Amino acid sequence: MKLPNRLLLSLAVTAALAGCHKPEQATAAAKPEAAAVKSALPPLAVFNVADLDASKNVCTNLADFVNSKWLAANPVPADKTTWGSFEMLDERSQAASRNIAEAAAAKQGATGIEKLIGDIYASGMDEATIEAAGITPIQPMLGRIAALKTPADIAQYLRDEFAAGRGEVFGFGAEADFKNSAMKIGYAMQGGLSLPEKAYYLEDGPDGKYKAIREAFVKHVSRQLQNAGVAAAAADTQAADVLAFETRLAKASLSPIELRDPNNQYHYVSMADADKASPHFSWSAFFKANGVKAEGFSLSQPQFFAEFDKMLADVPATQWQAYLRISAIDGMAPFLANKFNDERFDFYARTLRGQKEQKPRWKRVLGTVEGSAGEALGQLYVQQYFPAESKAQMQMLVDNLREALKARIEHLEWMSPETKKKAMEKWASFTPKIGYPDKWRSWAGLATARGNYVQNVMAAAKFNHDFDMGKIGKPVDRSEWGMTPQTVNAYYNPLMNEIVFPAAILQPPFFDPKADPALNYGGIGAVIGHEMLHGYDDQGSQFDAQGNFNNWWTKADMDGFQSRTARLVKQFDEYVAIDGIHVKGALTLGENIADLGGLNVSWDAYQKALKEASKTGDDKIDGYTENQRFFFNWATVWRRNFTPDEAKVRLNTDPHAPAQFRAIGAPSNMPAFAQAFGCKPGDAMVRDAEHQVVIW
């Protein structure tokens with residue numbers, strides 16, 4: 001929560017988005033030293049022609065033809081809010097990680113990262129000790145909150161909380177300087193909201209949904225405060241104060257669409273100017289408390305921080321206490337006794353997102369291991385579960401996609417030679433990372449033990465925060481990764497101009513060394529292309545070959561680019577997702593540009609591979625041509641069910657369009673799709689010249 005938005009334009013939000021809101025159920029404790037039994041991994045989400053629904057017309061809706069049977073037979077499990085190809089791979093990753101964690105917890109005399117993982121996992125599974133502790137582990141935090149009297153007290157508490165690796169109201173972390181991407185600086189970012197985004201505080205929403213959520217939130221806060229020993233009447237008063245406090249923050253916050261603009265993510269100020277702008281919150285003292293020396297930093301949303309400073313001065317201490325109290329309790333609830341975790345689940349997962357049941361305790365605790373020491377877990381994951389040949393074959397695919405992208409840029413008719421030269425410079429500087437880091441992070445100095453879950457979590461939070469703070473004012477370490485190897489995802493980072501593919505995504509339906517090329521190009525090939533094209537989407541296109549926020553376009557070319565992307569915004573605005581609610585084309589634009597360009601680039605690379613093999617793509621496998629199988633696997637990647645409430649939250653907050661529209665959005669703009677299936681003008685999957693979108 002304290003890291004800035006790094007513009008890590010990931011392929012899909014999987015566990016990370018939901019994990020911010022879904023505490024998990026405490027179940028029977030596992031004995032920390034019990035012998036670990038290695039479990040088999042769940043099945044893969046492999047494309048299968050038996051899943052195709054011949055009663056559907058592929059030229060009307062590719063997603064229905066490929067996925068409707070599977071989706072009908074595979075509803076969202078009770079302990080989830082989404083279910084599809086990503087989630088199936090995530091289940092495999094979690095099962096593998098569980099094997100690793102349980103073996104580490106059972107190993108006598110474990111040292112190094114095995115001890116680290118084993119300690120966190122075993123202490124989290126020790127439910128009896130956690131239950132017996134109750135609220136005690138965070139009583140020092142609550143006691144200090146109760147003693148806050150003045151704005152100076154509150155400011156000092158906030159500084160100390162950040163130094164401890166927690167932090168409230170706003171986010172703070174190290175990232176490359178937008179204007180000098182070779183160096184790290186500090187970024188302060190808006191935050192502090194419990195609900196998904198500002199509209200939930202300021203609008204009634206469709207059918208009064210947001211108003212009902214606000215009312216449920218107030219009741220949740222009251223119940224949670226009562227769990228911590230606050231009298232019912234006082235808890236009700238404090239809950240109303242919390243909503244009023246957060247509503248004021250919301251009014252000063254930018255919307256998710258506004259935050260997509262890099263101009264709204266970077267506002268460099270000198271330390272002196274920052275202190276002048278915030279007379280009640282000394283940024284000099286904040287940096288000192290966090291052990292950092294700096295001449296300046298990015299105060300990324302000035303309007304938000306101006307309001308924050310005013311609130312330090314004019315919000316009564318009792319209201320600050322209410323806000324900080326519930327922040328402390330709900331923030332630590334997943335690591336406390338069941339009643340705290342259950343209450344948090346009931347609002348954030350059941351009420352807000354429609355999750356019917358909590359996940360088993362081992363998954364919740366494994367999530368803590370991931371959040372506390374994910375790269376350490378990934379180091380063992382790679383040793384046991386990632387075949388070396390996958391990395392080599394992926395490198396070949398990346399090279400093929402790079403060449404296909406180069407050709408597309410060179411042949412763009414709408415871009416001038418001047419801008420095209422800069423685009424090619426950016427292409428030449430792409431850095432791919434595959435599988436896992438070449439250099440593993442050191443965990444020396446992080447002390448953990450059995451029997452104290454909260455202490456282990458706090459120690460890891462402090463350790464990771466100090467690690468992050470230590471980067472400010474220093475050169476960027478280009479060997480670092482922003483995801484762990486066991487993460488089912490991929491990302492592009494414009495500040496480093498890198499594309500990153502963790503080991504866990506290099507499995508079917510995305511990638512299979514034994515599959516026919518059509519499936520791999522329609523799966524991981526399109527993912528590779530997608531991440532490359534993020535370098536040229538509406539955000540990434542504002543960063544140059546060195547990763548600096550710098551305009552490299554002529555005005556005419558940028559105008560032409562924006563006129564083309566506006567058509568894509570309109571296309572997705574017209575999709576109706578649920579209960580008459582439309583997709584937000586502006587919110588999802590970056591992902592949609594990457595999908596459209598990435599699928600086209602992968603198609604070109606695939607056709608080149610076919611030509612080199614003296615093939616046309618018309619040969620049939622299981623009754624369908626290779627060219628058709630390319631698009632089938634693209635759609636298979638995007639098979640995904642959602643609970644209705646989860647779908648509605650994502651429509652407001654997720655920069656990725658719902659999966660069913662990602663499956664059809666790009667292919668409907670590609671003549672190659674129509675040719676592969678013999679679709680005719682007028683078919684829904686064939687966009688006419690007036691509506692067809694062509695960008696990269």
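**From value to term**

Author: The side chain of Gln190 comes within 2.9 Å of the backbone nitrogen of Leu254. Keep in mind that this is a predicted model.

Reader: Where is Gln190, and why is Gln190 called buried?

Author: Gln190 belongs to strand 3, residues 180-190. Its relative accessible area is 18%. Buried means under 20%, so Gln190 counts as buried.

Reader: Which residues touch Gln190, leaving aside neighbours within four places in sequence?

Author: Gln190 is in contact with Phe170, Gly171, Ser253, Leu254, Leu259, Gln301, Phe304 and Phe305.

Reader: Now Ile100. How do you know whether Ile100 is buried or exposed?

Author: Ile100 has 3% relative accessibility. The limit for buried is under 20%, so Ile100 is buried. Ile100 is located in helix 3, residues 85-106. Beyond its neighbours within four places in sequence, its contacts are Leu377, Leu380, Tyr381, Gln384 and Tyr385.

Reader: How far apart are the C-alpha atoms of Ile100 and Ile117?

Author: They are separated by 8.6 Å. Along the chain, the two residues are 17 residues apart.

Reader: Next, helices. Why are helix 7 and helix 15 called roughly parallel?

Author: Helix 7 (residues 151-163) and helix 15 (residues 317-332) pack at about 20°, and their axes are 11 Å apart. Angles under 35 degrees count as roughly parallel. The pair is therefore roughly parallel. The crossing of helix 7 past helix 15 is left-handed.

Reader: What makes up the contact between helix 7 and helix 15?

Author: Helix 7 brings Ile154, Tyr157 and Leu158, while helix 15 brings Ala317, Trp320 and Leu324. By class, that gives six nonpolar, no polar and no charged residues.

Reader: And why are helix 18 and helix 19 called roughly antiparallel?

Author: The axes of helix 18 (residues 388-410) and helix 19 (residues 417-428) cross at roughly 175° and come within 10 Å. Angles over 145 degrees count as roughly antiparallel. So that is the term for helix 18 and helix 19.

Reader: Which residues meet there, and how do they divide by class?

Author: From helix 18 come Arg402, Glu403, Leu405, Lys406, Ile409 and Glu410. Helix 19 supplies Lys420, Ala423, Met424, Trp427 and Ala428. The contact of helix 18 with helix 19 has six nonpolar, no polar and five charged residues.

Reader: What makes the phi of Val169 and of Asn497 worth a remark?

Author: Most residues other than glycine have a negative phi. Val169 has a positive phi, near 75°. Asn497 also has a positive value, about 50°. Val169 is in the loop between helix 7 and strand 2, and Asn497 is in the loop between strand 7 and strand 8.

Reader: Are Val169 and Asn497 buried or exposed?

Author: Val169 has 2% relative accessibility, and Asn497 has 1%. Both values are under 20%, so Val169 and Asn497 are buried.

Reader: Last one. What is the peptide bond from Pro508 to Pro509 called?

Author: The bond is cis, with omega near 5°. Most peptide bonds are trans. Pro509 sits in the loop between strand 8 and helix 21.

Conventions
Residues are numbered from 1 along each chain as its sequence is written. This is a predicted model: local features need pLDDT of at least 70, side-chain atom pairs count only at pLDDT 80 or more; totals for chains, interfaces and linings use all residues. Side-chain values use heavy atoms; hydrogens and water are left out. Helices (H or I, at least four residues) and strands (E, at least two) are DSSP runs, numbered from the N terminus. Buried means under 20% relative accessible area, exposed over 50%, partly exposed in between (1.4 Å probe, protein chains only). A polar contact is a pair of N or O atoms within 3.5 Å; within protein, one must be able to donate a hydrogen and the other to accept it, and residues adjacent in sequence count only if both atoms are side-chain atoms. Contact means heavy atoms within 4.5 Å. Axes are lines fitted to C-alpha atoms, for helices over the stretch in contact, and angles run from 0 to 180 degrees between N-to-C directions. Angles under 35 degrees count as roughly parallel, over 145 as roughly antiparallel, 65 to 115 as roughly perpendicular and the rest as oblique. A crossing is left-handed if the near helix is turned anticlockwise from the far one by less than a right angle, and right-handed if clockwise. Ala, Val, Leu, Ile, Met, Phe, Trp, Tyr, Cys and Pro count as nonpolar, Asp, Glu, Lys and Arg as charged, and the others, Gly among them, as polar.
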